[in-house]
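Subject: Structure handover

Hello,

Here is the structure I promised to pass on. Please open it first, then read my notes below.

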Amino acid sequence: MSRPLSLALLCVSVLATGSANAETFDVWLKGQIHTAVGRMRIGISGKSTSRQHESPSADDRSTSLVDQSSSSEFVSVAMNVISVGTFRPAGTSSNSSGSGAGTTGSGSGTVTASGYSLLAALSKKSMTDPAFYAAHTDARRIAFTLGTAASTKDTDNTDKPGAVWGFKYLVINERDLYSKAGREAGEDVQMALTRAASAYNPLLDRIQRIIYLACQPNGDCRAAKEDILENVDPDAFGRFWLRFNDNMAAIRFSREVLNQIEDLIQAGLGPFQEFQDIVERSYDRIHKGRQLALSYQVVKRVDNGNDDQRAELIYDHGLTDSITWTVNVSGDYKDRKMAWDSRGGRVATEFKGRLTGESGAPFGRTAMNIAFSGEGKWLTKTKPQYTFQAKLTIPVASGMDLPIVYRWASRRDVIDQTASEARLGFSIDTTRLAQLFR
Amino acid sequence: MAVNSNPTTNNPGAVFVATGQGQFLHFSLTAGGPIPIFTFTSNVEGTLWEPADFPGPPKTLYEWDHLRNLSDIQQLELLTLALAFFSNAQYTYTVDLCDRAGTVLQTVMNIQYTGSPTDYTFESLRVIIQ
């Protein structure tokens, strides 16, 4: 950075500091370093966009067309509350009954619990206990889902709700802080922080001495003679900083003092730049880590209702800080008790992007995100089906999300007609929600 | 997101400690988890404390004393706590001035911090030996 430019930034920062009387010397100095490093902040994403809180895709009423590799770390509840509108091509009519369209159905919902949450409950431990969390990384790889799926006569051969159950196992998990990648990233950040702190102390010491020697007790400053920096009276020095430490705006810096400070900061920037590089690289390493999961989901229906089974491979990968790409490949089996069974497969993909920043609080609100997904399903005894979906997920409170979905299908199951509809869901991450009431 | 600090007792910048009368400083750092990352350094002695110096898994409370040993006593020593929010979003840092018996004479500072994963912050305190 050129000297005039960096000096201008320093002055702007000093002036900005002037409006914040409560700012301490540490905050002020860090602001100077921050400006000089030209740090680009990146948003929080401790709460990964690759976590699925909605019902699994095997439930036709789910707001998820594509399954994510990881579920909630704790317990989540998903309700596929309502279909807010079904749109049909002109001239066609619905032949379904009850709640309306074939793919419509309310009352569907699931509960997903991680193995970790069950272990914590059995051990009577808090799920957020750091020691317990650290010791049971592998228990967070597995998740179990139970719930109900609404049924309709034309697609499921019964209108009685089906029982949903399933499990998911995370084979590759590069995003957990206690995974090998996570531990290495944390160690790198710790080492870089220690180096930055070691550089910070002498820098702060020298700048405080310069300001003390250059500035009068009333805050007016001239140039400081650097050859006498060591000659300060401890008592007077202490009292000076008791007065100005949280009142940096009261110091009226001269250009000479600003030049001296700027030279020191420029000369000592290395460890701070290095820390910033390492923390961002480590963050990316965790955030863009690969995840591969195996999943099995079943919807069992009573009487002569059709059963649906799905064995699935789920892969997701962070493309950028805010975009996650997910692919599903599954083998599907529809067990029709009154007709020929259908067997086949399905390929689906999704791009999910974060639209807003997230709360910095550990159990704070997640980001609003948008996802576009597509699915191709090929089953024997039926024609191929292609489905596309757009989903906006709105965090209404910490632990509570409202997914709004628009879905279009080339044809509905067993019926040769296109269908599109809007859906509304509701998902709760019980542990995040519980933190609100602590 | 910038680090948000919420002080109950502001950092005064300097603390007067009568080490001759047995006064010392007691530091405590609480962390919500899962993995706190911090370094406590002195401009005289270098790095004094890191999480690895506390045996066992990550903790919710870290505590240490300073100036209890004669060898620690250095005029104008600068003590800095550096905090990274990479894997721990909330910290509370408290410094107490204690007498020889360990009774708290004064809370020098008490500050709660919240930050996002790429944030870090420093909190420094100058020790003036009386």
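A residue counts as buried if 20 or more other C-beta atoms lie within 10 Å of its own, as exposed if 12 or fewer do, and as partly exposed in between. B:T47 has 16 other C-beta atoms within 10 Å, so B:T47 is partly exposed. Bear in mind that this is a predicted model.

More on B:T47. This residue sits in strand β5 of chain B, which covers residues 46-49. Leaving out residues up to four places away in sequence, B:T47 touches A:T194, A:S198, B:T39 and B:T41. B:T80 is 33 residues from B:T47 along the chain, yet their C-alpha atoms are separated by 9.5 Å.

Next, chain A as a whole. Chain A has 438 residues, and 44% of them are buried. Its secondary structure comprises 10 helices and 14 strands. Take the contacts in chain A between residues at least 6 apart in sequence: 68% of these join residues at least 24 apart.

Now the interface. How many residues of chain A are in contact with chain B? The count is 46 residues of chain A, against 45 residues of chain B. Five helices of chain A each supply at least two residues of the side that touches chain B: α2 (25-37), α4 (130-135), α6 (180-214), α7 (234-244) and α9 (270-287). The largest share comes from α6(A), with 13 residues. By class, this side of chain A divides into 25 nonpolar, 14 polar and 7 charged residues.

α6(A) also packs against α9(A). The angle is about 165°, and the axes are 9 Å apart. Angles over 145 degrees count as roughly antiparallel, so α6(A) and α9(A) are roughly antiparallel to each other. Their crossing is left-handed. On the α6(A) side, the contact includes A:A181, A:A185, A:V189 and A:L193. On the α9(A) side, A:F272, A:F275, A:I278 and A:V279 are among the residues that take part. The classes in this contact are 13 nonpolar, 2 polar and 4 charged.

Then the cores. Which residues touch the most other members of the largest nonpolar core? They are A:V189, A:L193, B:A82, B:L83 and B:A84, in a core of 72 residues. α6(A) gives the most to this core, with 14 residues. There is also a second, separate core of 5 residues, which includes A:A150, A:V164, A:V298 and A:V299.

Not counting residues up to four places away in sequence, B:L83 touches B:F38, B:Y91, B:Y113, B:Y120 and B:T121.

Last, two backbone angles to look at. Most residues other than glycine have a negative phi. B:L67 has a positive phi, near 80°. B:L76 has a positive phi too, near 60°. B:L67 is found in the loop between β6 (61-66) and β7 (77-84) of chain B. B:L76 is in the loop between β6 and β7 as well.

Is each of these residues buried or partly exposed? B:L67 has 22 C-beta neighbours inside 10 Å, so B:L67 counts as buried. B:L76 has 19 C-beta neighbours inside 10 Å, so B:L76 counts as partly exposed.

Best wishes

Note on methods
Residues numbered from 1 in each chain as written. Chains lettered and ligands numbered in written order. Predicted model: local features only at pLDDT ≥ 70, side-chain atom pairs only at ≥ 80, totals over all residues. Contact = placed C-beta atoms within 7 Å. Helix = DSSP H or I, 4+ residues; strand = E, 2+ residues; numbered from the N terminus. Nonpolar A, V, L, I, M, F, W, Y, C, P; charged D, E, K, R; others polar. Core = buried A, V, L, I, M, F, W, Y, C linked by C-beta atoms within 7 Å. Axes fitted to C-alpha atoms, helices over the stretch in contact; angles between N-to-C directions. Parallel < 35°, antiparallel > 145°, perpendicular 65-115°, else oblique. Left-handed = near helix turned anticlockwise from the far one by under 90°.
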